[in-house]
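The sequence and the structure come first, and the notes follow by topic.

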Amino acid sequence: ELEKLAEAHELEMIGDKNFTDNEAKAMSNYRSAALAFQNLNYIVESARCFENKCKDYKYAAVLYEKLSNWGKVASCYEKLESYLLAINFYWKDYDLDNALRISRVNHQYITILNELRNCNEQELVKFHINSNQRDNLVNDTIRRGIIYFGSKFKRDKLFYLINQCTVANDKRRYMEKYQFYEQLVEFEISQNNFDKAAKGYVLLKDFHNASLNYEKSNLLFESIQCGIVSIRQKGINSDHIIALDA
């Protein structure tokens with residue numbers, strides 16, 4: 001076995017010598033060396049050779065995964081531009097900095113947000129953060145994602161992140177800013193904020209429902225104003241006029 005191991009190292013060194021003059025031959029030498037290491041069950045050496053010499057990051061990732069070397073698996077997938085897999089394995093390695101870095105550079109905000117949200121107390125300890133720091137990262141991720149998806153008009157992902165806001169005023173502000181008026185109305189009604197729901201209906205130019213919700217909030221002047229606009233929009237309704245005059 002030691003003789004075969006020496007032969008594998010020799011193949012790698014021959015590849016180094018050939019690399020400048022004949023890269024194709026060198027790569028063949030490297031692959032032969034990497035496979036020889038693997039056949040001898042020297043998985044660490046094989047993975048290293050596949051990654052650094054053969055530049056076969058996909059196969060190197062497979063070998064590193066057998067070794068449970070999640071950081072190296074993640075690094076290989078990052079080189080392959082398989083960013084979701086890279087994030088997942090950096091996360092598995094409790095490497096928060098690299099997971100956040102890739103998620104931000106490659107705009108994988110929803111992926112990292114879900115990981116942060118699902119993180120339990122024991123995992124937080126391994127990440128060296130506390131629950132308050134996690135909550136701050138959650139809010140920062142939501143904010144970054146909203147800015148990005150808002151600029152790219154990716155409304156499904158944008159609304160998903162807006163809906164993840166934990167602060168009601170933030171959710172309200174983003175819904176209005178990005179013109180999710182129907183969803184804004186639904187949200188305000190669910191919170192029994194009928195005056196704010198009425199404002200949402202005004203943005204939708206649904207003055208009839210705006211009038212009804214202002215009335216529920218005892219804002220009679222605003223209710224009457226919206227009722228008048230609604231009548232002008234839809235044509236005269238004598239019953240409604242009588243009700244407003246009463």
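Surface patches are made of residues with over 30% relative accessible area and no salt bridge, where like charges are joined within 9 Å and nonpolar side chains (Val, Leu, Ile, Met, Phe, Trp, Tyr) within 5 Å. Leu-220, Ile-224 and Ile-228 make a nonpolar surface patch of about 240 Å². Accessible areas come from the Shrake-Rupley method with a 1.4 Å probe, and for residues only the protein chains shown count as cover.

The model is predicted: local features need pLDDT of at least 70, side-chain atom pairs count only at pLDDT 80 or more, and totals for chains, interfaces and linings use all residues. Residues are numbered from 1 along each chain as its sequence is written, and side-chain values use heavy atoms, with hydrogens and water left out.

**Confidence**

- The average pLDDT (the predictor's confidence in each residue, from 0 to 100) is 93 for the chain, and 96% of the residues score at least 70.
- Helices (H or I, at least four residues) are DSSP runs numbered from the N terminus; confidence is highest in helix α5 (residues 70–79), at 98, and lowest in helix α17 (residues 238–245), at a mean of 46.
- The pLDDT is below 50 over residues 238–246, a stretch with nine contacts in the model beyond near neighbours in sequence; contact means heavy atoms within 4.5 Å.
- Where pLDDT is low, the predicted coordinates should not be read in detail.

**Domains**

- Domain 1 spans 1–67 and domain 2 spans 179–245, with bounds that come from an automatic or database domain assignment.
- The centres of domain 1 and domain 2, taken over C-alpha atoms, are separated by 73 Å.

**Helix packing**

- Buried means under 20% relative accessible area, exposed means over 50%, and partly exposed lies in between (1.4 Å probe, protein chains only).
- In helix α3 (residues 43–52), the buried residues are Ile-43, Ser-46, Ala-47, Cys-49, Phe-50 and Glu-51.
- The cover over the buried residues of α3 includes α1 (2–18), α2 (23–39), α4 (57–66) and α5.
- Helix α15 (residues 207–216) has Phe-207, Ala-210, Ser-211, Asn-213 and Tyr-214 buried, and these residues pack against α13, α14 (194–203) and α16.

**Salt bridges**

- A salt bridge is a side-chain nitrogen of Lys or Arg within 4 Å of a carboxyl oxygen of Asp or Glu, and the count by this rule is 14.
- Asp-56 and Arg-31 form a salt bridge at 2.9 Å, N to O. The pair links distant parts of the chain, with Asp-56 in the loop between α3 and α4 and Arg-31 in helix α2, 25 residues apart.
- Asp-56 is buried at a relative accessible area of 19%, while Arg-31 is partly exposed at 35%.
- Glu-51 and Lys-72 form a salt bridge whose closest N and O atoms are 3.1 Å apart. Here Glu-51 in helix α3 is linked to Lys-72 in helix α5, 21 residues apart.
- Glu-51 counts as buried because its relative accessibility is 2%, and Lys-72 counts as partly exposed because its value is 28%.
- Glu-188 and Arg-172 meet in a salt bridge at 2.4 Å, N to O. Glu-188 lies in helix α13 (residues 181–190) and Arg-172 in helix α12 (residues 168–177), 16 residues apart.
- Both Glu-188 and Arg-172 are buried.
- A network of salt bridges links Glu-12, Asp-16, Glu-45, Arg-48 and Lys-53.

**Positive phi values**

- Most residues other than glycine have a negative phi.
- Asn-41 has a positive phi near 70°. Asn-41 lies in the loop between α2 and α3 and is exposed at 60% relative accessibility.
- Asn-218 has a positive phi of about 60° although it is not a glycine. Asn-218 lies in the loop between α15 and α16 and is exposed, with a relative accessible area of 65%.

Key. Helices (H or I, at least four residues) and strands (E, at least two) are DSSP runs, numbered from the N terminus.
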